[in-house]
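Thanks, everyone. I'll go through some helix and strand packing, so please look at the model first.

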Amino acid sequence: RFTADLLEGQKSGFFLDQRGNRALIEPLASGRRVLNAFGYTGGFSVYAGRGGAARVITLDQAAPALAAAETHWALNDLDPAKHETVADDAFAYLENAAKQNQHSDLVILDPPSFAPSEASVPAAVKAYTRLITLGAQVTAPDGLLAAASCSSHIRRGQFLEIIEEAVSAARRKASVIG
């Protein structure tokens with residue numbers, strides 16, 4: 001169960017195109033410590049909680065989004081002791097977690113668009129590479145990293161190349177499972 005702020009939310013306030021991906025996360029979260037970076041109103045967090053995650057952190061800069069994430073967690077009758085919201089810049093949080101050798105079993109990276117235009121693609125590639133490198137560094141051994149891009153100017157093949165380079169830069173090995 002979710003709410004959507006149709007008047008002041010980003011777009012509809014709830015990204016319906018991610019519904020299938022949230023459903024994929026649900027069974028993968030069982031027993032895992034989950035970090036949902038750019039968590040917005042907690043869609044992925046709720047699905048992870050429903051899937052039996054041991055602990056879920058919803059990370060976002062926006063306090064109103066995090067308040068909505070808490071509401072959504074409660075609307076779905078999930079244990080409040082298993083959910084934490086953190087108001088921080090995702091890059092700064094991940095950098096700090098990597099420096100402190102902190103890991104999550106499932107890391108979800110679903111940032112806003114980094115490439116609103118064709119001209120912004122080179123900067124977006126750098127941002128995605130940095131983000132996914134940091135995400136890979138904080139993913140526990142045998143953990144899962146879920147990375148998404150809503151940038152229409154970044155094509156699927158290019159995004160997969162970015163992921164491959166970023167995982168390599170993090171000195172990790174990975175397999176694409178979906």
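Helix 1 and helix 2 cross in the right-handed sense, meaning that the near helix is turned clockwise from the far one by less than a right angle. This is a predicted model, where local features need pLDDT of at least 70, side-chain atom pairs count only at pLDDT 80 or more, and totals for chains, interfaces and linings use all residues. Residues are numbered from 1 along each chain as its sequence is written, and side-chain values use heavy atoms, leaving out hydrogens and water.

Helices are DSSP runs of H or I with at least four residues, strands are E runs of at least two, and both are numbered from the N terminus. Axes are lines fitted to C-alpha atoms over the stretch in contact, and angles run from 0 to 180 degrees between N-to-C directions. Contact, meaning heavy atoms within 4.5 Å, involves residues including Arg19 and Ile25 of helix 1 and Phe44 and Tyr47 of helix 2.

Next, the strands. Strand 4 (residues 104-109) pairs with strand 5 (residues 139-147) in the parallel sense over five bridges; pairing takes at least two DSSP bridges. Ile108 sits opposite Ala146 of strand 5.

Finally, how do helix 5 and helix 6 cross? Their axes come within 8 Å, at roughly 45°. Among the residues in contact are Val125 and Ile132 of helix 5 and Phe159 and Ile163 of helix 6.
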